Structure formats: C-alpha cells, structure tokens
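Please keep the sequence and the model in view while reading.

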Amino acid sequence: MMDDHYGLSGRPFQLTPDPRFWFDTATHGKAMAYLGYGLSQGEGFVVITGDPGAGKTTLMGHLLAELDGERLNVVKIVSTHLRADDLLRLVAQGLGLAGDDLSKAALLSAIEHGLHAIARAGRRTLLVVDEAQALPSESLDELRMLSNFQAGGYPLLQIFLLGQPEFRLVLQRPAFEQLRQRVIAMHHLAPMELEEVEAYLMHRLTLVGWQGRPRFTTDALAAMHRWSGGIPRRLNQLASRVMLYGAVEAIENFGAPDIAAVIDDIEQESVIEEAPEPAPIPETPRPSRVAELRAAPAGSAETRALERRVAELEAQVASQSDALRRVLALLVDWVEKDDGRSGIDLDTLRGGAA
C-alpha cells in the first residue's frame, strides 16, 4: 500500500537484515575497519558486539559480499546454546565433512585435515559465529582450541564472533584469559547519532526508487531518533509504520505530530501484547453429597436418606458376593470332571452370575 502511494519499488524499512541496505554510519565504518584489519592479519579472533538490532548481521553480510570467495572459505554459524560437540559438527559440515557418527577426537582430527586441504588449495578459512553470547563456556573453549590449528607456522582458521553487549562481560571472566589473548580486534556498535538519521532514511528510500516523497521535518527526525534510541532495527520499525500511516492519511511531509501519533499506536499495541492474563478465580471445592449428608444433624431427613442409601448399597454388595461364590463353585466342579463334560446347565450358570 505505502509502496504504491509513494511510488516505491520495494520495502525500504524491512526488519530482516539485508546487506543491500548497508549504510556506513560512523560506528559501522569503524567496525568495518576492525574487521578489515583482522582479515589482513589472518589469525586470532575479532569480536563485534552491539545491542539487538544494531546491525551486526547486516555488517557481516556486507563484509562477506565484498570478499573474494575464491580466496576465502567462510563457515557461518548462528549459536543457539550449542554444546561443544554440536558446534564441532557444524564446523565440520561447513568444511564439507560428514561428522555425525564420529567421536570428538575423530571429529577434531577430521576438522584439522579439512582445514589443511583447504589451505593446500590456496584458500583461507573464516568461521563466523553469530549470537556468540549464547555459547556455553565449553563451546567457547573449543573455538579457542580450533584456533590453534596451524600449518607451517600459519593459522588454518580465523574466527569472527558477533554478540550482544553481555558477551564482552563473558570474555572478562578469568576462565577465558587464553581466549582474550587471541582477540586481535574488538568493537562495540554504538547507536546512530541524531545527525545520521536523515541520511540513513534517505539512503534506504533511494534504493527503492524514492523521488522526493515523503519528506521528514527536523522535528520529526528528532522524534524518531528519541524513540528508536538510534538502533537501526527500531528505526526501521518506526519508519515502516510512519510510511503506512502516511499512505492512509495521504501525508507527503511528516512532522513531529505525525510521528507522535504513530508512536502512540505502537506503544498502545505493546501494552496490549504485554498485559498479563487475569489470574483465574480459584474455585472453592464443593463438598460431596455424602459429606453434606454426614454433616447433617442426627435424625434429620438428610441423615435418614443417607442411612437408606447405605443399606441399599450393602444389600447389593451382599447379593453380588453370593452370586460370585456360586459361579466359582460351579467352575471348580466343572474343572474337576475328567471328561470335561460336567453336565452344568449353562442357563443355571448364567443365572447365577447375573
């Protein structure tokens, strides 16, 4: 709808990371410089951290699109609390190896041989692990061990780790001292500055055929920056809703009141989504009918009714017991007959069991 209204050829503010929309903010430019430096060294770890939606995945996608695939073999893994053995198997798969049925020792040996084979073919291997903050400690230690593989004094594997801000705290633990010593570059993706917001929006709009419609006032840009905190994904979320609002209301120039109206809608939706379900009203257990009758005063109508019912049940149980004894006696008599022909009247047997 908004694409048609503004004459765009696609969605400029989609939430899914897309390297085509790469925008070189100050912080992303620094991150690219660190990654480029790391690649030039060809060893160790490079760590990039940032808040969710800061652009880590887009950054890496842009970098990999710029690299020469003929000279670099890239293995990409998104961590979801991967255990050490599972992590090694994914690395093996990335190298084109079958490691499902291998022991850990055999798996490590296969990975080392695979890295040697790639190196002999004139290619380097880069392992990229996204969401690294979710890796268990033993998995991080396995990555450190993989970084030790060498051939002729040259490392066979380089590792890029992408993670959320808490990953920096994880690396400060004493247990990861050896891994920290192998980190050759580290950068944290900061939020965009206010003066970068307009250029960011225009860049993405231009990539889908923007012809000057819509535009954003200075106040509108400031409001968008405040709400998003300069986080690209949040800015995309807001800008997409603003564009939809503009298409519905036929707005060509967005001002602060328009942004405020959209923000109010988003926040109201968030309140509805996050509102806890009302706690169920506990039901007071209803006493059984027998318990009610037992609690009735002696000699009352309820008590007399209970006594009659108990007497009826006792008589029924006694009758069933007598019938069962008669059936058992007949069965014993039948079994004791030598020829199996007891002469038992089946109708009698059935009547006794009834």
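## Basis of the description

A crossing of two helices is called left-handed if the near helix is turned anticlockwise from the far one by less than a right angle, and right-handed if clockwise. The model is a predicted one, in which local features need pLDDT of at least 70 and side-chain atom pairs count only at pLDDT 80 or more, whereas totals for chains, interfaces and linings use all residues. Residues are numbered from 1 along each chain as its sequence is written, and side-chain values use heavy atoms, with hydrogens and water left out.

## The chain as a whole

The chain holds 15 helices and nine strands, where helices (H or I, at least four residues) and strands (E, at least two) are DSSP runs numbered from the N terminus. Of its 354 residues, 40% count as buried, a term that means under 20% relative accessible area, with exposed meaning over 50% and partly exposed in between (1.4 Å probe, protein chains only). Among the contacts with a separation of 6 or more, 74% join residues 24 or more positions apart, contact being defined as heavy atoms within 4.5 Å.

## Two helix pairs

Helix H2 (residues 26-41) packs against helix H3 (residues 56-66) at an angle of about 50 degrees, and their axes lie 11 Å apart. That angle makes H2 oblique to H3, since angles under 35 degrees count as roughly parallel, over 145 as roughly antiparallel, 65 to 115 as roughly perpendicular and the rest as oblique. Axes here are lines fitted to C-alpha atoms, for helices over the stretch in contact, and angles run from 0 to 180 degrees between N-to-C directions. H2 passes H3 in a right-handed crossing, in which His28, Ala31, Met32, Leu35 and Leu39 of H2 meet Leu59, Met60, His62 and Leu63 of H3. The residues of this contact divide into seven nonpolar, two polar and no charged, with Ala, Val, Leu, Ile, Met, Phe, Trp, Tyr, Cys and Pro counted as nonpolar, Asp, Glu, Lys and Arg as charged, and the others, Gly among them, as polar.

Helix H9 (residues 194-206) and helix H11 (residues 232-249) cross at roughly 65 degrees, their axes coming within 12 Å, and this crossing is right-handed. Val197, Tyr200, Leu201, Arg204 and Leu205 in H9 meet Pro232, Leu235, Asn236, Ala239 and Met243 in H11, and the contact comprises eight nonpolar residues, one polar and one charged.

In helix H4 (residues 84-94), the buried residues are Ala84, Leu87, Leu88, Val91 and Ala92. They cover an arc of only 140 degrees around the axis, which puts them on the same side of H4; the arc is that of the directions from the helix axis to the C-beta atoms. Their cover includes strand E2 (72-78), helix H5 (104-120), strand E3 (124-130) and helix H6 (137-146).

Ser139 belongs to helix H6 and, at 0% relative accessibility, counts as buried. Apart from its neighbours within four places in sequence, Ser139 is in contact with Leu82, Arg83, Ala84 and Leu87. After H4 comes Gly96, whose phi is positive, near 80 degrees.

Eight of the 11 residues of helix H10 (residues 218-228) are buried, so H10 is largely enclosed by the rest of the structure. Just after H10, Gly229 takes a positive phi of about 70 degrees.

Gln158, in strand E6 (residues 157-163), is buried with a relative accessible area of 2%. Leaving aside neighbours within four places in sequence, the contacts of Gln158 include Gly38, Leu39, Arg124 and Ile184.
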